[in-house]
Amino acid sequence: MGTRELGLPEKVASVHSLPERVTIWEVGPRDGLQNEKSIVPVEVKLEFLDRLADSGLTTLEATSFVSPKWVPQLADAEQLLAGLDRREGVRYPVLVPNERGLDRALEAGVSHIAIFASATETFAKKNLNSTVDDQFAMFEPVVTRARAAGLDVRGYVSMCFGDPWEGAVPAAQVAGVGKRLLDLGCSQLSLGDTIGVATAGQVETLIGEFPDVDALAVHFHDTYGQALANTLAALRSGVSTVDSSAGGLGGCPYAESATGNLATEDLVWMLDGLGVETGVDLDALVATSKWMAGKLGRPSPSRVVNALAG
């Protein structure tokens, strides 16, 4: 059943203090598929990206240039980008962990990369084999070279609200890491609730640590069912870019307690009801996630997909 069959208005009055438009940073092709136990064929990934673009999404995080040893699900990054039909008006950022990853990305002709940092010592060790301070020595040449080559650079910060080994993470600690990434030259900073423990009050507190809210994005996991509430808190705090994953795919291979990302369909349903523009055709997106669920051999965890697709 589509949205029209439910008799919902196409747009309702916008709510005060919310942005008129939200940019959805779709992470399903990268953050979603990297967490799958099986290897998804590159042909399926390419069709997934095409379908997502057809639905109106304009930022599609396509893949990652990490070591195939650590993330074999994305070992086909070069093949994927070589076969990608890059749409006009659609960005295809890729994740890079280090200079070797940047070399591969530059050879593949990308124009937008993302790096990922940790707000906590334990996760920095497990995910980057580094410390919180030392990770910046690894990032600096990546950002410098990327910017010199004309690439845009996004910075991710993981474990912004809670860490499975260290517990609650102070907002000032996260802000310190985030500001250092911005100072390095990142144009945008994505604040990640990697294990999905954040609450709306924590979100407001953390965003309040940053003087330039326009440079922020948010990335929520739905472990405790708080991803939409946290997103709304972020939007009311001035954020207008939200990461999400079609069908709710994803997690984190280095944090077992991390469940799926905020589902893009659930996000669009909420934003449509608030009168916030996204440019996304929800019915087309639901059909795409239902198709991908069939390819993966399991149902989508998105409640909106299950409600509309039956």
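Hi everyone, let's start with helix α4, residues 99–107, whose buried residues are G101, L102, R104 and A105. Buried here means under 20% relative accessible area, exposed means over 50%, and partly exposed is in between, using a 1.4 Å probe and protein chains only. Looking down the axis of α4, these buried residues fall within an arc of 160 degrees, so they line one face of the helix. That arc is taken from the directions from the helix axis to the C-beta atoms.

A quick word on the source: this is a predicted model, where local features need pLDDT of at least 70 and side-chain atom pairs count only at pLDDT 80 or more, while totals for chains, interfaces and linings use all residues. Residues are numbered from 1 along each chain as its sequence is written, and side-chain values use heavy atoms, with hydrogens and water left out. Helices (H or I, at least four residues) and strands (E, at least two) are DSSP runs, numbered from the N terminus.

Back to α4. What covers its buried residues? The cover includes α3 (77–83), β4 (94–95), β5 (112–118) and α6 (135–148), with contact meaning heavy atoms within 4.5 Å. On the face turned away from the buried side, you'll find exposed R100 and E107.

Now for strand β6, residues 152–158. Six of its seven residues are buried, so β6 is largely enclosed by the rest of the structure. β6 pairs with β5 in the parallel sense over seven bridges; strands pair if DSSP finds at least two bridges between them. There, I115 stands opposite G155 of β6. β6 also runs parallel to β9, residues 188–193, joined by four bridges, and R154 has Q188 in β9 as its bridge partner.
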